[in-house]
Amino acid sequence: FIHGGERHFIDNIIINFNLGFGEIYGIYLEYIQQLSLSNSKINISSPSKQNIGIYIENNINYNNINLLSNKIDISYSENNYGIYLVNSSLILDYSSINIKGFNNINNNAIYCSNDNISNNSVSFANRIISWLYFIQIY
């Protein structure tokens with residue numbers, strides 16, 4: 001969990017969760033002014049209500065979240081999200097997002113949620129991106 005601040009650099013980490021019930025987050029970010037996450041792996045395979053690889057909230061004014069060369073695998077939950085955005089934007093580059101549902105209730109590689117949809121954005125920097133399922137904006 002990172003709340004606020006600027007110039008966060010995370011490189012070459014492995015997050016592997018197989019926990020119980022509830023909501024499981026790999027990385028939870030709010031009000032971040034700048035973040036670079038690269039060469040990392042997030043794997044969540046918990047039989048929970050909700051699994052989220054990367055949750056980003058309220059960084060819309062900064063537009064400096066960069067995800068480069070990451071692998072996100074999310075599975076076995078009722079609701080699976082690779083990246084979940086609320087009032088946020090990011091740049092995604094050379095990354096892979098794989099989702100495998102438990103009951104196939106709600107499975108999204110990238111999910112954008114907000115009262116004002118225009119406040120969420122995902123930019124792809126002309127690089128190889130792969131995912132299973134689709135981008136869904138509500």
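**Exercise 1.** Which residues does Ser40 touch, not counting residues up to four places away in sequence?

*Solution.* The model under study is predicted.

Step 1. Locate the residue: Ser40 lies in the loop between β5 (35–38) and β6 (41–45).

Step 2. List the contacts: Ser40 touches Asp11, Asn12, Ile13, Ser69, Asn70 and Lys71, with residues up to four places away in sequence left out.

Step 3. The Ser40 side chain reaches the backbone nitrogen of Asn12 at 3.3 Å, and that of Ile13 at 3.1 Å.

**Exercise 2.** Decide why Ser40 counts as buried.

*Solution.* Step 1. Recall the cut-off: buried means under 20% relative accessible area.

Step 1. Apply the cut-off: Ser40 counts as buried because its relative accessibility is 4%.

**Exercise 3.** Classify the aromatic pair formed by Tyr28 and Tyr55, and then the pair formed by Tyr81 and Tyr84.

*Solution.* Step 1. A pair of aromatic rings is described by the distance of the centres and the angle of the planes.

Step 1. Rings pair if their centres lie within 6.5 Å; planes under 30 degrees apart count as stacked, and those over 60 as edge-to-face. By this rule there are five aromatic pairs.

Step 2. Tyr55 is buried, because its relative accessible area is 10%.

Step 3. For Tyr81 and Tyr84 the values are 4.9 Å centre to centre and 85° between the planes, an edge-to-face pair. Both Tyr81 and Tyr84 are buried.

Step 4. Ring pairs join Tyr25, Tyr28, Tyr55, Tyr81 and Tyr84 into a cluster.

Note on methods. Residues numbered from 1 in each chain as written. Predicted model: local features only at pLDDT ≥ 70, side-chain atom pairs only at ≥ 80, totals over all residues. Heavy atoms only, no water. Phe/Tyr/Trp six-rings, centres within 6.5 Å; stacked < 30°, edge-to-face > 60°. Buried < 20%, exposed > 50% of the residue type's maximum accessible area, 1.4 Å probe, protein only. Helix = DSSP H or I, 4+ residues; strand = E, 2+ residues; numbered from the N terminus. Polar contact = N/O pair within 3.5 Å; in protein donor to acceptor, adjacent residues only side chain to side chain. Contact = heavy atoms within 4.5 Å.
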